[in-house]
Amino acid sequence: MLLHLVRRTAVLLASLAVSSALVFGFMVLLPGDPARVALGVNASEEAVGRLRTEFGLDRPIVEQYVSWVSGLLRLDLGRSYVSQVEIAPQILDRLQVTLWLVGCAMVLAVVVAVPVGTLMALHHRRVSGLVLSAVAQVGVAVPAFLAGILLITVFAVRLGWLPANGWTPPNEDPVQFLRQLVLPGLSLGLVQGAVLTRYVRSSVLDVQREDYIRTARAKGLGPFRALWRHGFRNAAIPVVTVLALQLSTLLIGAVVVERVFVIPGLGSLLLDQVSNRDLVFVQDIVMLLVLAVLLVNFVVDVLYVVIDPRLRVGRP
Amino acid sequence: MTAPLPEALDPREAAIAGQPPVRRRPGPSLVVGAAIVGLVVVLALVSFVWTPHDPTLVNAGARLRDVGDPEYWLGSDKFGRDVLSQILVGARTTLFVGVVAVGVAGLLGVPLGVVAAMAPRWLGEPLMRGMDLLLAFPALLLAIMFSAVYGGSTLVAMVAIGIATVPSFARLVRSGALQVLSSEYVLAARAAGRSAWGIGLKHVLPNVSSLVIVQASVAFAIAVLAEAALSFLGYGTPPPTPSWGRMLQESQELLFSAPRLAFVPGSAIALAVLGFNLLGDGLRDRYDPRLEDRR
């Protein structure tokens with residue numbers, strides 16, 4: 001268990017080092033001077049020079065990288081080249097919004113996928129199972145932003161039940177917050193739920209074929225009880241993996257959904273800074289998103305061992 | 001003692017071995033998927049020779065025609081451009097992006113996977129770790145990063161989507177190649193003195209090709225989705241070239257008055273993705289009968 005933890009931590013740290021170098025290298029080594037890009041084509045040489053000195057862009061690349069990474073470690077992301085504001089508080093502010101959205105979508109996805117997927121597996125030779133499979137297949141094909149637009153046309157335009165867009169912080173007006181969270185949460189969550197449903201189904205089907213389930217059924221347990229007592233923990237391993245991998249899809253899906261629903265989250269911030277050509281800001285947000293994905297993968301790798309005690313003895 | 005039967009037998013061999021022959025008739029997923037993909041291809045081909053109108057022609061006299069208009073069958077947008085013509089040409093854009101993106105992913109991912117399987121540990125292991133790392137950069141994020149530096153264009157979108165899809169090819173091909181490498185005919189080839197190159201090209205590649213085809217179909221669906229999302233955000237295909245994603249984005253401001261402008265390109269995107277997903281599933285069932293029950 002300890003060895004496993006140490007190995008995983010080493011992998012995480014190495015991945016973080018390499019990906020930070022990649023993100024940094026990508027943004028810095030590419031043609032175009034960030035200061036020139038930030039100020040635009042018409043800026044004077046002096047203005048560009050001043051900005052370069054101010055932000056240390058005239059230092060060697062390695063020094064710039066080290067100062068950026070040490071800034072990240074101290075949670076000091078520096079100032080934007082373009083708007084001169086502190087980056088960290090802005091990101092933190094927007095991150096909260098995105099986390100609400102992604103969290104809501106993830107909960108929804110699990111709440112939909114686990115029962116529906118299990119039902120699909122238990123009924124996989126019946127019409128009901130086939131119909132559910134077909135519905136899930138269509139759900140997988142609908143991108144989140146399209147689901148968002150469809151939900152807006154139905155629930156905001158036709159029925160007028162929910163607001164079409166906007167965002168209210170939960171501490172300001174909890175009711176309005178929930179009303180505005182429903183549609184974006186649904187559009188992100190249902191699509192992910194459809195993807196997850198298919199994995200739950202195949203995972204449960206796999207477990208259903210195992211000897212221990214047959215034994216449990218032979219002992220007289222019903223199909224649901226046998227699955228509940230003996231199958232769920234086994235079926236959970238691949239599902240948890242997929243769920244973790246989906247987090248990156250959800251985070252990036254949130255970028256688009258935030259656009260659809262005009263939500264001031266991290267995704268909107270990223271897109272705004274891309275159009276501002278504020279490369280440092282973009283670099284920080286991208287690094288944060290990558291960090292989030294790597295961290296979740298790490299947690300899942302560690303969780304495996306908690307879910308499946310067999311892994312503790314076997315291969316680390 | 002009888003040796004365990006290799007999995008995925010040829011039907012004739014299976015019959016000889018006393019097993020019931022494996023059913024190999026195309027499943028419904030394959031038929032429906034191929035039909036939908038075929039339809040998208042036909043739409044794209046038709047657009048080369050015929051569109052009802054010039055898809056980029058702005059016509060102030062024909063703004064916001066409804067679906068079923070005798071002149072504009074699927075209606076017209078706020079600039080009076082014909083929606084059907086845009087959909088037809090948009091199919092071309094979608095397929096073009098998909099082909100190039102999947103091509104990039106396959107050309108990089110397949111050799112990487114084979115090399116990772118055949119190379120010594122010190123090379124194979126870091127290669128696969130690199131692939132794992134690349135998974136932390138989803139297609140859309142890579143494309144947005146590329147666009148931040150190069151500006152949005154179809155080429156940037158295609159390359160970014162392609163690179164982001166490389167790991168899925170590499171991992172799949174590696175695991176397939178490892179299986180092939182442990183087989184007896186590879187052992188025989190080794191014993192006969194065939195070189196590593198020869199084994200890679202003669203045995204590994206042909207035997208993982210079915211995996212690659214299935215993955216290509218699934219990756220195509222992902223590419224279609226990513227292109228639509230990028231164009232929706234304004235980082236994909238630049239105007240005036242019609243793109244389903246951008247049609248959807250342009251429809252958003254008119255959602256209250258003309259939701260049909262969102263439904264038409266939206267359905268096109270969903271249908272294309274569904275088609276490629278089904279085709280991928282169908283091909284997988286066909287090539288790997290062991291999985292038949294699972295889908």
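This is a predicted model: local features need pLDDT of at least 70, side-chain atom pairs count only at pLDDT 80 or more; totals for chains, interfaces and linings use all residues.
Figure 1. At Ser209(B), H8(B) bends by about 40°. The residue that follows H8(B) is Gly234(B), and the phi of Gly234(B) is positive, near 90°.

**Figure 2. Close-up of the largest cavity, lined by residues of chain B.** Three cavities of 30 Å³ or more are found when the whole structure is searched, and the largest cavity has a volume of about 100 Å³. Its lining includes Asp77(B), Lys78(B) and Arg81(B), together with Val83(B) and Gln86(B), and also includes Met247(B), Glu250(B), Ser251(B), Leu254(B), Leu261(B) and Pro265(B). Three helices of chain B, namely H3 (83-118), H9 (244-251) and H10 (260-287), each supply at least two residues of this lining, and H9(B) gives the most, with three residues. Sorted by class, the lining of the largest cavity holds five nonpolar, two polar and four charged residues.

**Figure 3. Close-up of the second largest cavity, lined by residues of chain A and chain B.** The volume of the second largest cavity is about 40 Å³. From chain A, the lining has Ser248(A), Leu251(A), Ile252(A), Leu289(A) and Val293(A), while from chain B it has Ala136(B), Pro138(B) and Leu141(B). Helix H10 (223-260) and helix H12 (279-307) of chain A each supply at least two residues of the lining of the second largest cavity, and H10(A) gives the most to it, with three residues. By class, the lining of the second largest cavity divides into seven nonpolar residues, one polar residue and no charged residue.

**Figure 4. Close-up of the contact between chain A and chain B.** In this view, 53 residues of chain A and 39 residues of chain B take part in the contact. The size of an interface is often given as the accessible area lost when the parts come together. Between chain A and chain B the buried area is about 4,000 Å², and carbon and sulfur atoms give 75% of that area. On the side of chain A, the residues that lose the most area to chain B are Phe26(A), Phe145(A) and Ile149(A), which together account for 13% of what that side buries.

**Figure 5. Close-up of the second largest pocket, with residues of chain A at its centre.** Chain A, to which these residues belong, has 13 helices and zero strands, and along its principal axes its C-alpha trace spans about 85 × 55 × 35 Å. The second largest pocket has a volume of about 530 Å³. Of the 18 residues that line the pocket, those that lie nearest its centre are Leu72(A), Leu73(A), Leu75(A), Leu288(A) and Leu291(A). Helix H1 (2-29), helix H4 (61-73), helix H5 (87-122) and H12 of chain A each supply at least two residues of the lining of the second largest pocket. The lining of this pocket is made up of 16 nonpolar residues, one polar residue and one charged residue.

Note on methods. Residues are numbered from 1 along each chain as its sequence is written. Chains are lettered from A and ligands numbered from 1 in the order in which they are written. Side-chain values use heavy atoms; hydrogens and water are left out. On a 1 Å grid over the protein atoms alone, a cavity is a set of points where a 1.4 Å probe fits but cannot get out, and a pocket is an open set with protein on both sides within 12 Å along at least five of seven lines; lining residues have an atom within 4 Å of a point. Grid points are joined across faces, edges and corners, and a volume is the space filled by probe spheres set on the points. Helices (H or I, at least four residues) and strands (E, at least two) are DSSP runs, numbered from the N terminus. Ala, Val, Leu, Ile, Met, Phe, Trp, Tyr, Cys and Pro count as nonpolar, Asp, Glu, Lys and Arg as charged, and the others, Gly among them, as polar. The bend at a residue is the angle between axes fitted to the seven residues ending there and the seven starting there. Contact means heavy atoms within 4.5 Å. Buried area is the accessible area (1.4 Å probe) that two parts lose on being put together, summed over both.
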